[in-house]
Each structure stands twice: as structure tokens, then as C-alpha cells.
Amino acid sequence: MTLETEIAARRTFGIISHPDAGKTTLTEKLLLFGGAIQVAGAVKAKRDTRPVTSDFMEIERQRGISVATSVMGFYYNQIKINLLDTPGHQDFCEDTFRTLTAVDSALMVIDASKGVESQTLKLIDVCRMRHTPVMTFINKMDRECRDPIELLDEIEAKLSIKVCPMSWPISMGKTFKGVYSFYEKQLILFKPHHKQDASSIVKITHLSDPRLDALLGLDANPLREQIELVSGVYPSFDQEAYLKGEVSPVFFGSALNNFGVRELLDCFIQIAPPPQGRPTHIRTVQPSEPKFTGFVFKIHANIDPKHRNRIAFIRVCSGIFKRNEWLTHVRLGKKFRFSNPTAFMAQDKSIIDDAYPGDIVGVHDTGNFKIGDALTEGELLIFKGIPHFSPEIFRIVINLNPLKTKQLHKGIHQLCEEGVAQLFTRGTDSRLMIGTVGALQFEVIQYRLENEYGASCRFEPLNFVKACWISSDDSLDLDRFIRERSGQIAYDLHQLPVYLAETKWSLEREMRENPDIVFSVTSDTPSD
Ligand code: G4P
């Protein structure tokens, strides 16, 4: 196969959803279709099989299993699908944000009884920022749920994305009968507790077909009316608008019952984009370029503290990644080669000789990588669009064991490079501050510092709610601002200045009063 055909045969995507919407169940069904697993229950560690003493223990336990599920590759109809896992816990949503920088499209799962939930809102913002195409699966139609039109309206209103139903549900809950697929022009019948088979699918090209009445009885006419209504309200599927991230094709189904999943997957491999170009500070790198380029989007620490090495996950952007070939680590200006690069197929890891654009390669790292780092065959590229997002909780680090200061600094730096939290240095006194999106990370940091680095610390709260990266074309004006607001200035891991806001209103005031300064709640990977 040529590089072009390898690229055309790949789809790399991530699932975004609010916890409990059914992401794990759907993932499992997708893997079953791909033949990557044989039995249901293989992906999900049963929640109640081990006593969980706290949320934090749960996080550690998930960290243990999440290496296995970080990337799940499988084949479906000769297409290699790379499904990148996204952590479910909201305190770890920054991990999810970053994983989304390595995908070419996303699948949004929505619980039909709950509609759009908070976590989905945040995640879709990231997709919108990057114009990522999004498909939607409205799950749990076998339960009593909300009116489908109301759900679609809510998606459009809350997520600012147009929708295009690809199928339409026939009733719901106990009386759920199945869906009519606009896309495939067929009726797919739902039989509770029955496997969906060939007899569940009936080709219906015209809604006047009397078989509809025979199959659906009293539900036939309401379906006809609804479809007429829906066809008038929503535009027909527009591939280009989907690829631009403007329209989301919507499917209805039930992951638990494996209903609607095959249709989703069949459509996904048809319409979802193959590996796309990736912007760098000088040009967009196209996947078909012969020379290898890739970037690190995730670093996973070994759960065993005796083995400090980590796995860096690299998304192949162009060319072919080859085992044992020398590659340039652009930020360090050093050459590296990897003798045991791993690929991830379902839950199996295996050493690979080569990988293609869209693939994810795991390499052992002894502390050389940071998120966003580029590896190339020699060209000095820096990939853009791998942002840090403003934390919302800030605390100052108090060292409890001065004899272990070095270990504390090393541990905090490494954990922050791994992406557990963001590290800032206060401008006035160079003290270390940690910023996170959720409170749980502080527990994780304390625990891991003690267990992996032998250092101990506590945290004192700081009265800030947002960190904004500040920049200006007028360097004198920026210097003035930094001088005048010195108590609220800190520097990130890349030494970029950050303004710490105490309230939303004070931030708005500063923005109004300092029009030449750009305040940004995200920072792109800087070119250091
Ligand atoms: P998540 O990864 O998004 O957090 O969700 P997960 O798949 O774990 O699903 C959350 C709960 O919703 C699970 O029930 C799961 O069985 C259920 N579920 C998923 N899809 C459907 C569906 O189509 N219909 C119905 N009725 N339920 C669905 P649980 O009781 O929390 O866990 P479990 O004991 O079943 O594993």
C-alpha cells in the first residue's frame, strides 16, 4: 500500500460526552463490531468489583487501566479506526481537551433523557475552536426520554452547531420500535433483548409503503408526519458543512442494546475525515508528505513508582514513523530513536515497525518530552493548536520537608509536564503555584509526590479564578502592565506571562482599560 492509500484508510477520532451518557458502552460495541474484543464488559472495569474508598482512589484506579484504553485501534471494513479515549472525570477535562488535538473528528454521545450536559458543553467548545467535525449519537432511546425535536433544538441552541438527523426514532422507552434511517432509506426495527439481525432491517424508499403500517401499526402515521416535518425543518446532509464542523449528523439508538451502532459506524467510515493536515508555526503539514512529523499530545506516567519511565503518545502527522530511525526532537534540538515503539489495538499493545498518519505511537520517555513537542525527520517545526487552558483553582505550594526541596521541584515539574496540572511561578517572589480545573488534582499531586518522589507538601488557596496569558505588540505597554499589576502576574512553564484575575468582572475591567493587551484564556505551545 502506498502512503496515500494508508492515509485514506484511516479514521482517528475521540468520543466526547458527559459521564454516564454511555461512552464506555458505545466504545465497547464499536470494538465488538471491529472484532477487536469478543465479549462485552472487556473495556469497562466493573465499578463495583473493588471497593472504592474515595473519588481519588477511583482516579488512581482509572489511571491504572487508562493506559490500556488510551488508544483503541481496530479495523472495520478495511478501515483502520483509532479511537482515542478521553477521561470521564470532569476534573481531568484538560486531558480530554488535549486528546482532542490529536483527532480528526469527534463523536458526541448524549443521554436522551438528560440532553446537553455541562461537560459536553465544555468539550464541544474545544471542537469548535479547532473546527473538528462532530457526529452525534443520542443514546438510551430504550428509556423514557425527551422529545427528539426538543433534544435537537437544545443541541443547536446550547452547542451552537447545526444538526442534521440521519435517522429518526419511532417512539421511545418501553414502546421504542426502532429508527427510520434517512441516510440508508430503511427501517431498522428494535426488538428488546434481541440481537439486531438482517430481519430487523427493511428497505423503505417511500414512506407511503404499506409495509410501514404492517410493521409499525399505530406508530406508522405519526412517523410519516414527523418525517415530513423533520425533512422540512432540517437541511439534508451536507458533507462539506460537516467537515467544516458546522453541521453535526445525528443518530438515535441504544448502545446498551447494540441498536443503531452499526449504522453509526457504517456512516462514520464513509463521511468522517481521514487524517488531516496540521498547522505549524511556518506552514500546514500535509499527511501525504513523505517525511515523518508528529507531536506528543499525552504523557502517561507509570503507575508503579519504582519505574519512573513514562509513555509519550505521539500522533503521526505526516510520512511514516519507523522503528529505530533517528528523529529530531525539535524543542531540545536532539536526535532520538525508539527501539520499542508501541501501537495499540483494542487493549493489546504491540511493538511496531512503522506507523502512518493518523496512527498513535507510544514511546518510552525518561523525561525528555512535554506535551506539544514535535518529532520530525529534521525540519524544525512547531505544531500549533495544542493549547493550555486557563485553570480555575489556584493554590500555592508549601514545602513540608525542606530536605526534599529538590525532589519536590522535580516532582512538581514532571507532573505538570505530564499535564496533571499547570505550574506557575509567582512574579513577585518566585513561589510555585499550581493551577487546575478540578480540586481532585491537588490530592493526586500530593499523593504522587509522596509516593513517587518522596516529597511532601500542602497547598494554600489563592483568591484567583482565571489565568490569562497576556501579550501585546507594544512591549513597553506590556512591561508597564506587568509592573503595575505585579501582585497578579505569574509565569507559566514556558516563562510566558500570565495575569491572574480575582473575579470575572475585574478581568473584564482590565481588558477594557488595556485595549492594546491581548488577554487569552488559552495559550498555544510556545516556540521555545
Ligand atoms: P460513560 O462511559 O459515559 O460514563 O457511561 P457508561 O457507558 O458507563 O454508561 C453509564 C450507564 O448507562 C451504565 O449503567 C450503562 O449500562 C448505561 N447505558 C449505556 N447505554 C445505555 C442504553 O442504551 N440504554 C440504557 N438503558 N442504559 C444504557 P450503570 O448501571 O451505571 O452501569 P453498569 O452496571 O450497567 O455497568
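Which residues in α5 are buried? They are Q119, T120, L123, I124, V126 and C127, where buried means under 20% relative accessible area (1.4 Å probe, protein chains only), exposed is over 50%, and partly exposed lies in between. Seen down the axis of α5, these buried residues fall within an arc of 150°, so they line one face of the helix; the arc is that of the directions from the helix axis to the C-beta atoms. In general, an α-helix has 3.6 residues a turn, so residues three or four places apart point the same way.

A word on the ground rules. This is a predicted model, in which local features need pLDDT of at least 70, side-chain atom pairs count only at pLDDT 80 or more, and totals for chains, interfaces and linings use all residues. Residues are numbered from 1 along each chain as its sequence is written, and side-chain values use heavy atoms, with hydrogens and water left out.

Zooming out, the protein chain has 14 helices and 33 strands. Helices (H or I, at least four residues) and strands (E, at least two) are DSSP runs, numbered from the N terminus. Of its 528 residues, 55% count as buried. Take the contacts between residues at least 6 apart in sequence: 72% of them join residues at least 24 apart, with contact meaning heavy atoms within 4.5 Å.

Back to α5, which covers residues 118-129. Its twelve residues reach 17 Å from first C-alpha to last, close to the 16 Å expected at 1.5 Å a residue; that expected span is 1.5 Å times one less than the number of residues. After α5 comes H131, with a positive phi near 55°.

Helix α10 (residues 261-271) is mostly covered, with ten of its eleven residues buried. Among them are L264, F268 and I271.

Now for two helix pairs. Axes are lines fitted to C-alpha atoms, for helices over the stretch in contact, and angles run from 0 to 180 degrees between N-to-C directions.

| Helix pair | Angle | Axis separation |
|---|---|---|
| α11 (residues 405-418) and α12 (residues 440-453) | about 120° | 10 Å |
| α2 (residues 23-33) and α10 | about 70° | 10 Å |

α11 is therefore oblique to α12, while α2 and α10 are roughly perpendicular to each other. The cut-offs are under 35 degrees for roughly parallel, over 145 for roughly antiparallel, 65 to 115 for roughly perpendicular, and oblique for the rest.

Who touches whom? In α2, L26, K29, L30 and F33 meet V261, R262, L264 and L265 in α10. On the α12 side of the other pair, I445, R448, L449 and Y453 meet α11 residues including L408, I412 and L415.
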